[in-house]
Amino acid sequence: MKRACSWRDLDAVTGVEKMNLIHLTFIAGVLSTSSAAMAQSTAYALDAQVGQICGAYNAEGETVAIDFGALADTPPDEFVRRAAGDITYRCNVLAGFTRTIASQNGGYLTLGGQPTTEEARRILFTMQHWGADGFNYSQLTAPRLSTHRDGAGNPRYLNGENARVWFRAYGVQGPAVGGSATGTRVFAGDYRDTVTLTITAN
């Protein structure tokens with residue numbers, strides 16, 4: 001049982017005992033201070049990973065077929081337009097991505113899909129890209145490179161950004177000469193090109 005002491009109580013005790021009491025009080029104080037200095041903490045190192053998702057996606061698949069049909073009866077100053085569906089950009093990379101759009105034959109449909117500079121074996125086409133930092137109808141004479149990233153407070157690519165793509169192929173009808181039927185400015189056959197849109201995470 002603890003007993004409170006006053007200075008009067010101590011006066012009734014011998015000098016030796018008083019020294020012992022003072023000595024015990026001093027030791028108790030040292031023990032209390034030493035206990036506080038020995039405090040220990042434990043840290044928990046938490047870790048998690050989020051995989052990279054960065055690309056352009058089309059509901060129709062990785063390859064979208066565009067058929068312009070017959071162009072022999074379309075004058076060269078007119079065109080046939082085709083929608084190429086919606087494309088979705090999605091990227092969870094903080095630094096964003098680089099988009100490259102390239103035509104295999106420099107913005108022309110070519111006879112048999114073979115590279116050529118001969119006007120009689122190629123048909124001009126252009127591409128338009130709505131939304132998602134798009135562009136108006138342009139011939140893909142060279143690859144189009146652009147860099148895109150989310151702005152502060154506007155995570156459009158993180159959440160998914162939709163855009164629509166269109167193509168125009170120009171007619172190849174030629175003038176009638178003498179009593180002949182209307183001709184064409186190019187040789188007959190199947191004309192093809194491949195436009196590739198590539199996304200590279202920054």
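1. Helices (DSSP runs of H or I, at least four residues) and strands (runs of E, at least two) are numbered from the N terminus. On that basis the chain has three helices and ten strands, in the order α-α-β-β-β-β-β-β-β-α-β-β-β from the N terminus on.

2. A word on the basis of these points. This is a predicted model, in which local features need pLDDT of at least 70 and side-chain atom pairs count only at pLDDT 80 or more, while totals for chains, interfaces and linings use all residues. Residues are numbered from 1 along each chain as its sequence is written, and side-chain values use heavy atoms, with hydrogens and water left out.

3. Of the 202 residues in the chain, 27% count as buried. Buried here means under 20% relative accessible area, exposed means over 50%, and partly exposed lies in between (1.4 Å probe, protein chains only). Contact means heavy atoms within 4.5 Å. Among contacts between residues at least 6 apart in sequence, 76% join residues at least 24 apart.

4. Three strands form an open sheet in the order β7-β3-β10, with antiparallel pairing. The edge strands, β7 (144-148) and β10 (195-201), each pair on one side only. From one strand to the next the twist averages 15 degrees; axes are lines fitted to C-alpha atoms, and angles run from 0 to 180 degrees between N-to-C directions. Strands count as paired if DSSP finds at least two bridges between them; the antiparallel strands β3 and β7 are joined by five.

5. Arg99 belongs to strand β3 (residues 97-103), and its bridge partner in β7 is Ser146. Arg99 is buried but has no salt bridge, a salt bridge being a side-chain nitrogen of Lys or Arg within 4 Å of a carboxyl oxygen of Asp or Glu. The nearest side chain of opposite charge to Arg99 is that of Asp133, 6.2 Å away; Lys and Arg count as positive and Asp and Glu as negative, with His and the chain ends not counted. The Arg99 side chain does make a polar contact with the side chain of His129, at 3.5 Å. A polar contact is a pair of N or O atoms within 3.5 Å; within protein, one must be able to donate a hydrogen and the other to accept it, and residues adjacent in sequence count only if both atoms are side-chain atoms.

6. The structure holds six salt bridges. One of them pairs Asp133 with Arg156 (2.7 Å, N to O). This pair links distant parts of the chain, 23 residues apart: Asp133 is in the loop between β5 (122-129) and β6 (135-138), and Arg156 is in helix α3 (residues 156-159). Arg156 also forms a salt bridge with Glu161, with the closest N and O atoms 3.6 Å apart. Through shared partners, Asp133, Arg156 and Glu161 make up one network. Asp133 is partly exposed at 38% relative accessible area, and Arg156 is partly exposed at 24%.

7. Glu118 and Arg121 form another salt bridge, with the closest N and O atoms 2.9 Å apart. Glu118 is partly exposed, with a relative accessible area of 35%, and Arg121 is partly exposed, with 25%.

8. Gly174 sits in the loop between β8 (161-170) and β9 (191-192) and is buried, with a relative accessible area of 7%. Leaving out residues up to four places away in sequence, Gly174 touches Thr182, Gly183, Thr184 and Arg185. The C-alpha atoms of Gly174 and Pro75 are separated by 7.3 Å, although these residues are 99 apart along the chain.
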